[in-house]
Amino acid sequence: MATGREFDVVLFGATGFTGQLTAEYLARHAPTGTRWALAGRTRAKLEAVRDRLGVDSVGLLTADVNDPASLRAVAEAARVVISTVGPYITYGDPLVGACAAAGTDYVDLTGEPEFVDRTYLRHHAKAVETGARLVHSCGFDSIPHDLGVLYTVNQLPADVPLTVNGYLTVSASISGGTLESAVNAFSRLGAMRKAAAERRKVEPRSQRKVRGRGKAGRVTDLGIWAVPLPTIDPQVVLRSARALDRYGPEFSYGHHLAVKHLPTALAISGGAAGLIAASQVPPLRKWLVNRNPAGQGPTEAQRERSWFKMTFIATGGDHRVHTELTGGDPGYGETSKMLAESALSLAFDDLPTTAGQVTTATAMGTALIDRLVAAGIEFRTVSSAVRT
């Protein structure tokens with residue numbers, strides 16, 4: 001952990017939509033005495049954000065992703081850097097590299113698998129050397145899934161094979177930046193597969209058996225239809241399972257979207273396939289992105305109506321556990337909360353010794369769960385029983 005730095009936390013991308021929400025959260029909830037700063041390309045815009053926050057003590061740092069010296073200065077000034085500048089595959093790598101070189105902890109909210117794999121290949125070894133913790137996907141991608149599974153696993157016996165199925169129910173709107181990141185990721189499926197293959201060649205193999213297993217169909221006891229969800233979240237969960245002995249000698253995870261009616265499940269599957277196909281065609285890709293430009297997001301009223309629920313059904317030995325994780329607006333209100341609390345956890349909590357590219361479950365674990373519960377996100381055990 002970096003010590004002797006000017007700031008405990010620096011928020012890079014503070015003038016964007018999610019960046020401003022994260023700044024507002026830090027202004028309200030960072031512990032008294034926290035030394036933090038806003039970073040971005042334009043000082044005048046940073047000053048405007050600081051003025052809206054009404055916190056004169058917040059520092060300002062001017063930095064640009066195309067200026068390595070400015071990124072190095074940000075990394076060397078901070079104990080933890082938060083990045084909200086996406087799409088990360090386009091803009092994110094230089095800052096990760098600067099943090100890895102400086103021994104500075106780093107968090108972001110990416111849901112882009114190719115970016116995560118590329119930063120592992122480029123910066124993991126240096127981060128291990130310097131002690132930096134590089135923790136991607138610290139928003140709705142993928143904290144509810146990663147920490148929800150950790151919470152569930154902790155309700156099961158140790159040292160036995162574990163099976164967990166996760167089911168997401170959600171009502172929310174997305175911003176232009178999120179849409180652009182998704183469309184860009186879908187347009188790069190070949191590059192994404194190549195990056196994943198390159199990572200597999202160099203990443204140490206786990207001694208335990210870990211696999212993903214999403215399955216479409218009716219889940220009678222929950223009264224839902226399940227659709228496998230091809231997001232980054234199961235990759236994050238499985239990396240935590242490979243890293244942590246608590247996940248047992250064998251572990252499997254299924255990741256699903258939950259809907260009430262079969263026609264809805266079929267429509268979602270068809271719509272996802274259509275979006276992926278459209279993302280391969282440049283004119284259609286441009287049209288999709290331009291429909292909701294980056295920098296715009298749902299209104300406060302829309303966010304207040306939004307919510308999510310993750311349901312986990314898990315078995316281990318003769319035990320069966322049903323847990324839930326619930327919160328408000330997943331993409332923005334809760335994401336900014338999760339991102340800020342992740343950074344504060346790295347800055348101030350007594351955590352396991354880790355370095356390199358690590359997951360939230362590996363780096364922060366139950367300390368971050370405790371923070372999120374205190375911040376209003378609910379983790380609860382619905383039922384726990386011994387099977388006969």
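**Working through a predicted model**

Colleague: Where in the structure is Thr311 placed?

Modeller: Thr311 has its place in strand S12, which covers residues 307-316. Helices and strands are DSSP runs, with helices of type H or I and at least four residues, strands of type E and at least two, and the numbering starting from the N terminus. This is a predicted model, in which local features need pLDDT of at least 70 and side-chain atom pairs count only at pLDDT 80 or more, while totals for chains, interfaces and linings use all residues. Residues are numbered from 1 along each chain as its sequence is written, and side-chain values use heavy atoms, with hydrogens and water left out.

Colleague: Okay, and is Thr311 buried or exposed?

Modeller: Thr311 counts as buried, because its relative accessibility is 6%. Buried means under 20% relative accessible area, exposed means over 50%, and partly exposed lies in between, with a 1.4 Å probe and protein chains only.

Colleague: Which residues is Thr311 in contact with, leaving aside its neighbours in sequence?

Modeller: If we leave aside neighbours within four places in sequence, Thr311 is in contact with Asn165, Gly166, Tyr167, Leu222, His322, Thr323 and Glu324. Contact here means heavy atoms within 4.5 Å.

Colleague: How about Leu257, where is that found?

Modeller: Leu257 is found in strand S11, residues 250-259, and Leu257 is buried, with a relative accessible area of 12%. The C-alpha atoms of Leu257 and Thr169 are separated by 6.4 Å, although these two residues are 88 residues apart along the chain.

Colleague: What share of contacts in the protein join residues at least 24 apart?

Modeller: Among contacts between residues at least 6 apart in sequence, 78% join residues at least 24 apart. For the overall picture, the protein has 16 helices and 15 strands, and 52% of its 388 residues count as buried.

Colleague: Let's switch to helices. How do H7 and H10 cross?

Modeller: Two packed helices are described by the angle between their axes and the distance between the axes. For helix H7 (residues 143-153) and helix H10 (residues 233-243), the axes come within 8 Å and cross at roughly 35°. The axes are lines fitted to C-alpha atoms, for helices over the stretch in contact, and angles run from 0 to 180 degrees between N-to-C directions.

Colleague: Is that H7 and H10 crossing left-handed or right-handed?

Modeller: H7 passes H10 in a right-handed crossing; a crossing is right-handed if the near helix is turned clockwise from the far one by less than a right angle, and left-handed if anticlockwise. On the H7 side the contact is made by His145, Asp146 and Val149, and on the H10 side by Asp233, Val236, Val237 and Ser240.

Colleague: And H14, how far does that helix reach?

Modeller: Helix H14, residues 333-348, has 16 residues and reaches 22 Å from its first C-alpha to its last, close to the 22 Å expected at 1.5 Å a residue. The expected span is 1.5 Å times one less than the number of residues in the helix. H14 is also mostly covered, with 14 of its 16 residues buried.

Colleague: What is the phi of Ser137?

Modeller: Phi of Ser137 is near 60°, a positive value in a residue other than glycine. Ser137 is found in the loop between S6 and H7, and counts as buried because its relative accessibility is 2%. Asp159 has a positive phi of about 65° although it is not a glycine, and lies in the loop between H7 and strand S7 (162-171). At 65% relative accessibility, Asp159 counts as exposed.

Colleague: Last topic: how many disulfides does a search of the whole structure find?

Modeller: The search finds 0 disulfides, where a disulfide is a pair of cysteine sulfur atoms within 2.5 Å. As for individual cysteines, Cys99 counts as buried at 0% relative accessibility, and Cys138 is buried with a relative accessible area of 0%.
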